[in-house]
Amino acid sequence: MKNVIIASVALLLIGCKATQVQTITIDASKEDVWKVVSSLGDLANYSALDSSSLTPPGEAMVGSVHYVSQGKNYGISNVVSVEKNESIKTKLKETSWPAHYWNESWYLYDEGSSTGLKYVIDFKGKGLANLGFPILAAYNKSDMKKTITNIKNHIENK
């Protein structure tokens, strides 16, 4: 019992962090994939999010603000890096979720005549959320897979 208490206190103080990666191959050009991925404001159409927006709207650019919500919770990130048809990186600015940070990246790469899409989330829990971290990590991995699969289906079925 003593070890369980010590481990729980350590999780609360130190926190849990993870980097999760999901990849998929899409039968489309980089330009076609980029049109969908770079419009971060439309992310709710492909994920478990209730809403998402990008300010200014349209294609992500350095300095854009990406807002997402799910239920009563929200996250606001800044777009910190964009390489057209290659990558987008965001950095968490503010959130109501129990997270120290939650940074997302999207990478496009050539995969023969198709385009590879890699979605990366680097995150660290905060406070009591660390006790449920394995559940959060499992849910997040599942949602990431659904998101990129929905993007693939959307692009390929146009």
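1. Start with D32 and K35: in this predicted model, their side chains pair up in a salt bridge, with N to O at 3.9 Å. That sits just inside the 4 Å cut-off for a salt bridge. The two residues are three apart in helix 2, so about one helical turn separates them. D32 is partly exposed at 36% relative accessible area, whereas K35 counts as exposed at 58%.

2. D32 also turns up in a helix contact. Together with V33 and V36 of helix 2, D32 meets I151, H154 and I155 of helix 3. By type, the residues of this contact split into four nonpolar, one polar and one charged.

3. As for the geometry of that pair, helix 2 (residues 30-37) packs on helix 3 (residues 133-156) at about 125°, and the axes lie 10 Å apart. The two helices are therefore oblique to each other, and the crossing is right-handed.

4. E156 is partly exposed, at 32% relative accessible area.

5. What does E59 form a salt bridge with? The partner is K84, and the closest N and O atoms are 3.3 Å apart. This pair links distant parts of the chain, 25 residues apart: E59 is in the loop between strand 2 (51-55) and strand 3 (65-70), and K84 in the loop between strand 4 (73-83) and strand 5 (87-95). E59 is partly exposed at 37%, while K84 is exposed at 51%.

6. For the overall tally, a search of the whole structure gives four salt bridges.

Notes
Residues are numbered from 1 along each chain as its sequence is written. This is a predicted model: local features need pLDDT of at least 70, side-chain atom pairs count only at pLDDT 80 or more; totals for chains, interfaces and linings use all residues. Side-chain values use heavy atoms; hydrogens and water are left out. Axes are lines fitted to C-alpha atoms, for helices over the stretch in contact, and angles run from 0 to 180 degrees between N-to-C directions. Helices (H or I, at least four residues) and strands (E, at least two) are DSSP runs, numbered from the N terminus. Angles under 35 degrees count as roughly parallel, over 145 as roughly antiparallel, 65 to 115 as roughly perpendicular and the rest as oblique. A crossing is left-handed if the near helix is turned anticlockwise from the far one by less than a right angle, and right-handed if clockwise. Contact means heavy atoms within 4.5 Å. Ala, Val, Leu, Ile, Met, Phe, Trp, Tyr, Cys and Pro count as nonpolar, Asp, Glu, Lys and Arg as charged, and the others, Gly among them, as polar. Buried means under 20% relative accessible area, exposed over 50%, partly exposed in between (1.4 Å probe, protein chains only).
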